[in-house]
Amino acid sequence: FYLTPPQVNSILKANEYSFKVPEFDGKNISSVLGFDSNQLPANAPIEDRRSAATCLQTRGMLLGVFDGHAGCACAQAVSERLFYYIAVSLLPHETLLEIENAVESGRALLPILQWHKHPNDYFSKEASKLYFNSLRTYWQELIDLNSGETTDVKEALINAFKRLDNDISLEAQVGDPNSFLNYLVLRVAFSGATACVAHVDGVDLHVANTGDSRAMLGVQEEDGSWSAVNLSYDHNAQNEHEVERVKMEHPKSEEKSLVKQDRLLGLLMPFRAFGDVKFKWSIELQKRVIESGPDQLNDNEYTKFIPPNYHTPPYLTAEPEVIHHKLRPQDKFLVLATDGLWETMHRQDVARIVGEYLTGVHHQQPIAVGGYKVTLGQMHGLLTERRARISSVFEDQNAATHLIRHAVGNNEFGTVDHERLSKMLSLPEELARMYRDDITIIVVQFNSHVIGACQNEE
Amino acid sequence: AAGMFLRLLSDVRWRAANPKWRRMTCSQRSTSSTAEPHAVFLPAQAQVVICGGGIMGTSVAYHLSKMGWKDIVLLEQGRLAAGTTRFCAGIVSTARQVSIELKMADYSNKLYQQLEQETGVKTGYTKTGSISLAQTQDRLISLKRIASSLNVMGIPCEIITPKQVAQLHPLINIHDLVGAMYVPEDALVSSANVSLALATAASWNGVQIHERTSVSHVSVQKGRVTGVETDRGQIQCQYFVNCAGQWAYELGHSGEEPVNIPLHACEHFYLLTHPLKEPLASDLPTIVDPDGRIYIRNWQGGILSGGFEKNPKPLFTEGRNQLEIQTLQEDWDHFEPLLSALLRRMPDLEALQIMQLVNCPESFTPDMRCIMGESPTVRGYFVLAGMNSAGISYGGGAGKYLAEWMVNGYPSENVWPLDLKRFGTLQSSRTFLRHRVMEVMPLMCDLKVPRWDFQTGRQLRTSPLYDRLDAQGARWMEKHGFERVKYFVPPGKDLLDLDQSKTFYKPDWFDIVGSEVKCCKEAVCVIDMSSFTKFEISSTGDQALESLQYLFSNDLDVPVGHVVHTGMLNEKGGYENDCSIARLSKRSFFMISPTDQQVHCWAWLKNRLPEDSNLTMEDVTWKYTALNLIGPRAVDVLSELSYVPVTPEHFPSLFCKEMSVGYANGIRVMSITHTGEPGFMLYIPIEYALHVYNEVMNMGQKYGIRNAGYYALRSLRIEKFFAFWGQDLDAFTTPMECGREFQVKLEKGTQFVGQEALLEQKQNGVYKRFTMFILEDHDTDMDLWPWWGEPIFRNGRYVGKTTSSAYSYTLERHVCLGFVQHFDEKTGEELVVTTDFINQGEYEIDIAGQRFQAKAKLYPFSSLFTHRRRKDEVELSGYQRE
């Protein structure tokens, strides 16, 4: 089975989305030029989600990727709800009051977020009322708590993450009279999702990360070459600090059973996540909720299964690590991507491929023979590969698509091999997950001129 | 990397050659890094200063000194032979399309062959032969045409089969070849060492050579070179020779009086490899694969291979740019198509190890031919540059011709195709050059078929009627920057795309031009001929007449209103220009010459007219739009528009009248058409052009008027045996040799240039004769069409070449024009050509190796003329141009 290049392109481009920040006449000029995003499923249905929105009551733009596991319910819920929690956390006291008063008196609500969504990105209508009530409870508490201090972005992000995870947990415990919603909130709570969210406001870039998705900054060096700066830490077994943290939070007796085969309790890859109440609730709570829950939940072996060595819950948290970065003119773009990308590509390659794509400079590092022993045949092979790489650049109008093309199609030369691409994309559903993971990518492009100007002002 | 390569190529054996010169240059050479004071001071004056120590500069110095000029200084800004010459691939190839280029290459080859013996400098001359491959039948035709010209010049050359190619070269993949051309005498040299050998011999003959001396500008006084300024002081001189290669343009513009040398550099890449396991023999033939755009030669047991890519990289558009010089790096990605072609041609080279990819800029010219000759604006300022990457092949011959030009006043061959004066200021725009050379460089390998036009740098000079004509289906060609109509595509008819229309056979416009010709013959056509060069020469007294009588061979002391066809001859009686002159008044003349004469004719006259403020010459080319009204009904159209009788009784042939046409007054109407057909030329002040055109077309409707183009004009003029300057006539052709005695008035009472030479010819006879050939057994539909440059055979022996050809729709035959010579069968000595000699031969024309029978004629078919003429003119009145 073989896919023609147009077929490959239609698969790769099915989910691509681009947004350009509109330019106003010298006013309100954003440090973000726009972003490109795309997803390539391996699971059916895909378990990854993405979100992007502009904050309307505060400044700034929010972008996030969410990698779901044990189903997509949690990732879907987080992708719909998290940005509202963040936006609300960032709102000043007066605005919160204004919003609450509007809701109270049935007046039109100030819009909080302007979403930038691909047509395939959906919001669940049924749960919106439920979600809204939880959110309203949150801002009411914020109004009551009125600290009078200006909102710190880092704190707001942490609070929003924790609050949403808490709400997910509570909603599942309380349940809902509507059986569909009841089942929904349970599925959300029993599945899990990681989140990697960026908030960009002027030169201030905050990345809040929970789990093993990753944010990476693309930096153009003075000589024009590209380098990568990590703006998140992976929360998994490869991160010593994270392993250390988990061990600190539990008695020494559990030390050996906490991390097995690089998984939390030998089961879970990410060490932080939304949902996943199986790693958060006590055994009693789990059993009670499942027993009183709908039949579908009872029939599910996975939800009924209690992790081994489960002594001192919670083992999992949704609390993010937040990194603050002051943007510089040489910071050209930010890549947010789920682990499906990072498993296949090194961040340095990602930086180069996106950098070359965005600058439109397809001049690759010139080849110099120098003192090396190269034959005509080898050189010819190399040049043919390089030409193919250039032509693939021109095929894509979206940096994320371009990156996916490389992630899936790269051969040992680091260039896109159409045959490989065709094979990888034509894998049957049941096999696809064995060769690749869902990939979700957002590439945010920065406006160096604005950033340079902001820098000078400061 | 470049440094490494320099060491590789420079076998600096020339040092031993001449102790005297060594003293001057070696001290600098050995201490290149330290700025030691120069041991030898520049002379304060010299007869000749040559700028540029590459193959061109040293060749000019060599030949000048051979011819007896000793007081010569050669200045080189860096080191001798260190520029493009150093990096040149060193292939001496004689397979050239243009005859003069072929002669230069042939001479160069013979010169280099004996240079080592003459100078003791090892030149690395190796006779390897060369094989040009054809992947298509069209390419093979093109090679066969070259082979025909080489053979008649006595240069061994044969068309061989792919199998024979494989026998001559062990590595070639022949499966996609249809044939090839083998030139066994072609050679390889180390071009740097050839240059050093020429320099050595020149210095023996007294030429002073100074390296590390750069010319900052050339001083000019009263239109003459007086000296040069260098970074080491001044030198006064009478002659300056600009051999600065790719810097020639810049140097030309650095003087007080700019000299336009239209050339532009492009990056050129070639590959060097390590030796093969079994090193290649040093006498293995050089391979040229034009369809693959590459050449391949053996090099130190490995290969050297470069080519002319489709997407060249022009550089130095803004002059000597340090940044660009630094970025002259290997660009492998750019070289990829050529590397693919190389591996396709020689698959076994896959395992061969790369040594280096060399990037050496080459300079290219707007028409792919090199530039030589004297500046039209500064006397004593000579140029030799713009070799289009064939510098080593042309170097010897080009230097020789330029030296002859300087010493004798003219070279020994017709070099008009290479003359700097074929260009004007209009070709000197940097933008134009940049765009044009990007087209020219790929053309080096493109198939050259008859009647192709450059596509870049177009629509520069246009007639006011351009848009009107274009809207009516005009297809355009360009001459000297001027857009001219080839033919008009009728509405609803489509021609092939430009690329697909390339053919050596019957072209797709055949019927279109045929109907235009028919209309010229039967009704009336209008052709826009505004591109012609037009001068007005007038004086307060008789100065204009006297000067022109001296400069032109025909008698210009005719009644006012007469038009005279006359040659502007040189001392040897050869045509420097061929023109029509109308006597507007007692003291003023209107002169019409071919389009590309604008610069040459102006310079020729300027240099020869007396310095007299009462005598003025003005270039009025741009002031007039010229419409040629051709055909039997032209007289009706004109008389209706002017209310003046213009029948031959009232307005006989070869008259000029100022009259009104429509509302427009002051139109110069001449009863000539440049075709031998009846009709008129209308010279219209440009603001009236559209009006007159509209009037003519409206009035002409009832007479069946239509537009026509130059292809129709050419067919008409060639079938009537009209010669065209620049194509048939040149500085080596006299009126006696082309049946134009009647345009020479030896007894006109005043002396004129060329008179003595013509008198001598009249007494002794001519050594070549312009002849018309009608192809007999040629099938217009099936056979290759003649172009020009085809060898003519008389009784099986070569006697000359054709100079132009066209299909005659009237005769329904091809007509070729060309010169017949008479070589002694034993000695090869040139003998007088008599009328009997022409008439008593069996002729054949060789088109790409195939010979067609031809009937020779010295006079045109009188049946083709229907027009009444002035009593004192014979039928052959016209001079023509395309």
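Predicted model: local features only at pLDDT ≥ 70, side-chain atom pairs only at ≥ 80, totals over all residues.

Q: Where are the two domains of chain B?
A: Domain 1 of chain B covers 45-422 and domain 2 covers 766-881. Their C-alpha centres lie 36 Å apart.

Q: What makes the two domains of chain B count as being in contact?
A: The test is heavy atoms within 4.5 Å. Seven residues of domain 1 of chain B meet it with 13 residues of domain 2 of chain B.

Q: How much area do the two domains of chain B bury between them?
A: About 800 Å² is buried between domain 1 and domain 2 of chain B, with 63% of it on carbon and sulfur atoms. On the domain 1 side, Arg145(B), Ser148(B) and Val152(B) supply 64% of the area buried against domain 2, more than any other three residues.

Q: Why is the pair Arg145(B) and Glu790(B) called a salt bridge?
A: The cut-off is 4 Å between a side-chain nitrogen of Lys or Arg and a carboxyl oxygen of Asp or Glu. In Arg145(B) and Glu790(B) the closest N and O atoms are 3.0 Å apart, so the pair qualifies. The count between the two domains of chain B is one salt bridge.

Q: Which helix gives the most to the side of domain 1 of chain B that touches domain 2?
A: Helix α6 (residues 137-152) of chain B does, with six residues. The residues on that side of domain 1 of chain B are two nonpolar, three polar and two charged.

Methods
Residues numbered from 1 in each chain as written. Chains lettered and ligands numbered in written order. Heavy atoms only, no water. Domains from an automatic or database assignment. Buried area = accessible area lost by both parts, 1.4 Å probe. Helix = DSSP H or I, 4+ residues; strand = E, 2+ residues; numbered from the N terminus. Nonpolar A, V, L, I, M, F, W, Y, C, P; charged D, E, K, R; others polar.
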